[in-house]
Amino acid sequence: LLFTSGSSGEPKGVVLSHRNILGNCLQIDASQLLPRNEKVIANLPIFHSFGCTVTLWYPILRGCPVVTVPSPLEFKKVAEAVEAEGATILIGTPTFFKPYIKHVDADKLKSLKYAIAGAEKTPAGFADLWQSTFGSRYFEGYGLTETSPVVSVNLPRTPQGVEYPNSTCDGAKPGSVGRLLPGQAARLVQPETMAPLPLTETGLLLLKGPNIFAGYLNDPERSAEVKDGEWFITGDLGRFDAEGYLYIEGRLSRFSKIGGEMVPHGTIEQALIEAYDLLDSEVPMLAIAGRADDSKGEALVLLSVLDLDLADVRRKLADAGYSNLWVPKLIKRVEYIPTLASGKLDLRALQALAEADV
């Protein structure tokens, strides 16, 4: 029994069966990402789905050595453990990885082969920054508590015995979260009508496989909201390319419908992070939220730790090629951007700030 992070609502109790966890362990094994000769840093708590399956049950079942560190937040202790034990794989989130860039000597991480990131979208340019700083490859993956958790991940190479005709990439493609692990199926649907969409068009992502949970604890109503028969409705918008790589465009809850157009909060945040040169910041400096608007249905609110001028924000977004619909209607200065312990944005707190009177 694990609980969701509660980033967009009350945490939900996710019941994972033996079959779910064993199924995901077999899928991870089939990807050949974590063979026995690799040594993994296990610093995610086992009440976190990734920590439970990937750094507890998988190593026990596969015989893969792990080095345990109490917390991913103590990056200096993690780096010391990597150096002392010769660890080869580091697992975490982009938020947890950012402090390493400024505060950890590259020599301490010289034994690392890969850094594997998930739980949140990797900011543009960060993977290249990590690789140029530490020399280890950076692989982004995707998963949810309800999927036990690993759905897809970029790999050092295409697994032996697996063929992708006419593929030009050997296991990894920058910007994607990799290909689905074996034994999983995906559908894309129109969010409002649930009508099927081609896999190469952006739509609501549904998944099916032995790793998909059966439902939330004592909550048949919310369980029914995320299930369509055997299919799990992830709440994420995504698309596949012709080679099978999955691209997550964001949570459906992180889009605002403005003048009939779906506007992604994360895309605007990334554009402003680049425009104001905030990529190196170790904590979020700005975030976008939506609030009700009488004229266009919703309006965007820019929450910022910095003193930003709305006219300058509008100009920078216009220079980046975005239309007026993508420009925040107002800026609210805040002391900090609310986040959860996992490093994810606290969407409920953001929403409350956006809706509060100016």
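1. Which strands are included in what covers the buried residues of α9? In this predicted model, the cover over the buried residues of α9 includes β18 (286-293), β19 (297-304) and β20 (330-333). The helix itself runs over residues 347-355, and its buried residues are Leu347, Leu350 and Ala354. Viewed down the axis of α9, these buried residues fall within an arc of 60°, so they line one face of the helix.

2. Helix α2 (residues 49-62) contains threonine 53, and the buried residues of α2 are Ser49, Gly51, Cys52, Thr53, Val54, Thr55, Tyr58 and Pro59. What covers them includes β1 (2-3), α1 (18-31), β3 (40-42), β4 (66-68), β5 (89-92) and β8. Just after α2, glycine 63 adopts a positive phi of about 80°, which may be worth a look when the backbone is inspected.

3. Threonine 53 has a relative accessible area of 0% and is buried. When its neighbours within four places in sequence are left aside, threonine 53 is in contact with Ile21, Asn24, Cys25, Ile28, Tyr58, Pro59, Ser148 and Pro149.

4. Serine 148, one of those contacts of threonine 53, is found in the loop between β7 (137-143) and β8 (150-153), and serine 148 is likewise buried, with a relative accessible area of 0%. Beyond its neighbours within four places in sequence, serine 148 is in contact with Leu16, Asn20, Ile21, Asn24, Ser49, Thr53 and Asn211. The side chain of serine 148 reaches the backbone oxygen of asparagine 211 at 2.6 Å. As for spacing along the chain, the C-alpha atoms of serine 148 and glutamine 160, twelve residues apart, are separated by 24 Å.

5. Side chains of opposite charge can pair when their charged atoms come close. The count of salt bridges in this model comes to 15. Among them, arginine 239 pairs with glutamate 249, the closest N and O atoms being 2.9 Å apart. This pair links distant parts of the chain, with arginine 239 in strand β14 (residues 231-240) and glutamate 249 in strand β15 (residues 246-251), ten residues apart. Arginine 239 is partly exposed at a relative accessible area of 26%, and glutamate 249 also counts as partly exposed, at 31% relative accessibility.

6. A second pair to check is the salt bridge of lysine 329 with aspartate 293, where the closest N and O atoms are 2.7 Å apart. Here lysine 329 sits in the loop between α8 (310-319) and β20, while aspartate 293 belongs to strand β18, 36 residues apart. What are the burial classes of the two partners, buried or exposed? Lysine 329 counts as exposed at 51% relative accessibility, whereas aspartate 293 counts as buried at 13%.

7. Aspartate 307 forms a salt bridge with arginine 333, the closest N and O atoms being 2.9 Å apart. Aspartate 307 lies in the loop between β19 and α8 and arginine 333 in strand β20, so the pair ties together parts that are 26 residues apart in sequence. Aspartate 307 counts as exposed at 68% relative accessibility, and arginine 333 as partly exposed at 47%. Elsewhere, salt bridges that share partners join Lys173, Asp241 and Glu243 into one network.

Definitions and conventions. Residues numbered from 1 in each chain as written. Predicted model: local features only at pLDDT ≥ 70, side-chain atom pairs only at ≥ 80, totals over all residues. Heavy atoms only, no water. Buried < 20%, exposed > 50% of the residue type's maximum accessible area, 1.4 Å probe, protein only. Helix = DSSP H or I, 4+ residues; strand = E, 2+ residues; numbered from the N terminus. Arc of directions from axis to C-beta. Contact = heavy atoms within 4.5 Å. Polar contact = N/O pair within 3.5 Å; in protein donor to acceptor, adjacent residues only side chain to side chain. Salt bridge = Lys/Arg side-chain N within 4 Å of Asp/Glu carboxyl O.
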